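Biologist: I have the sequence and the coordinates open. Can we go through the strands and pockets together?
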Amino acid sequence: MIPELIADYGCVTGEGALWHADEKRVYWLDIPQGRMFRCDPTTGQHEQCYEGEIVGGATLQADGTLLLFMDRGAVRVWKDGIVKTILDEIPDERQSKFNDVVAAPAGRVFCGTLPTGDRLGRLYRLDPDGALTMLLEGISCSNGMGFTPDQRQMYYTDSIKREIYLFDYDQETGEISNQRVWVRTPEGEGIPDGMTVDAEGYVWSARWDGSAVVRFAPDGSEDM
């Protein structure tokens, strides 16, 4: 595999790559700069499509709009420059911001926040009816998430601890349980950051400060 440069916008922190199946375009973020970009890999055309409040992660909705997870716990809907507020803030997250998010097929979104000066980060679940539930706290750096192909388990990354966890996932209720360490990355090999699960059920985990992406088999062994 040889990486190919498709766009260079000088991002401070380029993150959150998201494939938009309807548009056949990939979106990504420059978190500290509050910028979002998109690219059509068929034509090679790309552009900056958003600049404003910080966006820590985004998910795709059924109607093609993007759900943006921002600082202060704000959640907004975005479509080609039009923004609608879903949640203006989470009072307990006014000093924090969302960092990484993932949508479950049933429509729930799992969204993590970063630590503040006096406490660690948290993991929330936002349900389709707008209900927000805190699932975990004491997280050093909430990061990459994904689901097994059968939707019975969920992966979750705590970057500073260098651990990727595996939970049992209840599709009916959205509850996660039975937390265990699935992969712990060695010292000096980078920090596990964003991730995704491919069609074979293998996990691709990006390494912050490791200049690498690592593919893990479902049993947690390193594939490549």
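Biologist: Which residue in β19 stands opposite A206?
Modeller: V213 stands opposite A206. Keep in mind that this is a predicted model.
Biologist: How many bridges join β18 to β19, and which way do they run?
Modeller: There are 5 bridges between β18 and β19, and the two strands run antiparallel. The hairpin they form has 3 residues between the strands, and D209 takes a positive phi near 65 degrees in that hairpin.
Biologist: Which other non-glycine residues have a positive phi?
Modeller: R72 has one of about 65 degrees, and N178 has one of about 55 degrees. Most residues other than glycine have a negative phi.
Biologist: Where do R72 and N178 sit?
Modeller: R72 is in the loop between β6 (66–70) and β7 (75–79). N178 is in strand β16, residues 176–184.
Biologist: What is the relative accessibility of R72, and what is the relative accessible area of N178?
Modeller: R72 has 26% relative accessibility, so it counts as partly exposed. N178 has a relative accessible area of 46%, so it is partly exposed as well.
Biologist: Back to A206. Which residues lie nearest the centre of the largest pocket?
Modeller: A206 is one of them, along with G16, A17, L18 and T196. The lining has 47 residues in total, and the pocket has a volume of about 1,900 Å³.
Biologist: Which strand supplies the largest share of that lining?
Modeller: β1 does, with 6 residues. The strands that each supply at least two lining residues include β1 (14–20), β9, β13 (142–147), β18 (203–208) and β19 (212–216).
Biologist: How do the lining residues of the largest pocket divide by type?
Modeller: 28 are nonpolar, 12 are polar and 7 are charged.
Biologist: And how much space lies in the second largest pocket?
Modeller: About 300 Å³. That pocket is lined by 16 residues, and Q61, L67, G107, V109 and P128 lie nearest its centre. Its lining divides into 11 nonpolar, 4 polar and 1 charged.
Biologist: What else pairs up between β9 and β10?
Modeller: 5 bridges join β9 to β10 (residues 109–113), and the strands run antiparallel. V102 stands opposite F110.
Biologist: Is β10 largely enclosed or open?
Modeller: Largely enclosed by the rest of the structure, because 5 of its 5 residues are buried. V109, C111 and T113 point one way from β10, while F110 and G112 point the other way, and all are buried. In a regular strand the side chains alternate between the two faces of the sheet.
Biologist: How many bridges join β14 to β15?
Modeller: 6 bridges join β14 (residues 153–158) to β15 (residues 163–169).
Biologist: Last one. Is T13 buried or exposed?
Modeller: T13 counts as buried because its relative accessibility is 16%, under the 20% cut-off. T13 lies in the segment before β1. Not counting residues up to four places away in sequence, T13 touches L29, D30, I31, P32 and W208.

Notes:
Residues are numbered from 1 along each chain as its sequence is written. This is a predicted model: local features need pLDDT of at least 70, side-chain atom pairs count only at pLDDT 80 or more; totals for chains, interfaces and linings use all residues. Side-chain values use heavy atoms; hydrogens and water are left out. Two strands pair if DSSP finds at least two bridges between them. Helices (H or I, at least four residues) and strands (E, at least two) are DSSP runs, numbered from the N terminus. On a 1 Å grid over the protein atoms alone, a cavity is a set of points where a 1.4 Å probe fits but cannot get out, and a pocket is an open set with protein on both sides within 12 Å along at least five of seven lines; lining residues have an atom within 4 Å of a point. Grid points are joined across faces, edges and corners, and a volume is the space filled by probe spheres set on the points. Ala, Val, Leu, Ile, Met, Phe, Trp, Tyr, Cys and Pro count as nonpolar, Asp, Glu, Lys and Arg as charged, and the others, Gly among them, as polar. Buried means under 20% relative accessible area, exposed over 50%, partly exposed in between (1.4 Å probe, protein chains only). Contact means heavy atoms within 4.5 Å.
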